[in-house]
Amino acid sequence: MSSILLLSGPNLNLLGSREPDIYGTDTLTDHVETARTAALAHGLELDHLQSNHEGVLVDAIHAARADHAGIIINPGAFTHYAWAIHDALAAFEGPVIELHLSNPNAREPWRHTSVVAPVAAGSIVGFGGKGYRMAVDALAELLG
Ligand code: CA2
């Protein structure tokens, strides 16, 4: 069975505890469960890693080159400035989907820049927790 990797950036481990008006009340565990259920329906295994550290995410992207067919990443605030994550994703040969719970383009101006979008096949933003299923469906479609 092929595997896909879901990566979660900084502070997403706090989901469900604060800012429910922006990010909803579901926890990251809930979202991972949604994504894993969707992946299994496509015959895909899903691994998940959350980290608050840019280098840990870069290492995980490097490791994914060996054993994951595609990546879904919600980079959190790293989205807006973490060029090391951009470069690591550019070196990953499979499809990459950028995912956000909120729509950063409808928020503060500093969130309007994504350094991940240029190296992603596409971005799913603003659909809350439903975006996790949509991202898996999109990645499965790209993987054929
Ligand atoms: O909308 C998204 O998914 C974001 O990636 C979430 C990031 C934000 O920096 C991006 O611009 C958009 C922030 C995640 C922080 O989540 C928290 C959840 C609860 C309490 C505090 C932070």
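**Charges.** I counted the charged side chains of the protein chain and found 7 positive and 16 negative, with the centres of the two sets 6 Å apart. Lys and Arg are positive and Asp and Glu negative in this count, while His and the chain ends are left out. I placed each charge at NZ of Lys, CZ of Arg, CG of Asp or CD of Glu.

**Basis.** I am working on a predicted model, in which local features need pLDDT of at least 70 and side-chain atom pairs pLDDT 80 or more, whereas totals for chains, interfaces and linings use all residues. Residues are numbered from 1 along each chain as its sequence is written, and side-chain values use heavy atoms, without hydrogens and water.

**Fold.** I listed 5 helices and 5 strands in the protein chain, taken as DSSP runs numbered from the N terminus (helices H or I, at least four residues; strands E, at least two). Their order along the sequence is β-α-α-β-α-β-α-β-β-α.

**Size.** The C-alpha trace spans about 40 × 30 × 25 Å along its principal axes.

I found 43% of the 144 residues buried (buried is under 20% relative accessible area, exposed over 50%, partly exposed in between; 1.4 Å probe, protein chains only). I then took contacts (heavy atoms within 4.5 Å) between residues at least 6 apart in sequence, and 77% of these join residues at least 24 apart.

**N74.** I looked up N74 in strand 3, residues 70–74. N74 is buried, at a relative accessible area of 4%. Beyond its neighbours within four places in sequence, N74 has contacts that include L7, S8 and G9, as well as H100 and Y132.

**Aromatic pair.** I searched for rings of Phe, Tyr and Trp (its six-membered ring) with centres within 6.5 Å, where planes under 30 degrees apart are stacked, over 60 edge-to-face and the rest tilted. The search gave 1 aromatic pair. The ring centres of F78 and Y81 are 6.0 Å apart and the planes stand at 80 degrees, so this pair is edge-to-face. F78 is buried at 7% relative accessible area, whereas Y81 is partly exposed at 48%.

**Backbone.** I noted a positive phi of about 75 degrees at N11, which is not a glycine. N11 lies in the loop between strand 1 (3–8) and helix 1 (20–23). E19, also in the loop between strand 1 and helix 1, has a positive phi of about 50 degrees and is not a glycine. E19 is partly exposed, with 36% relative accessible area.
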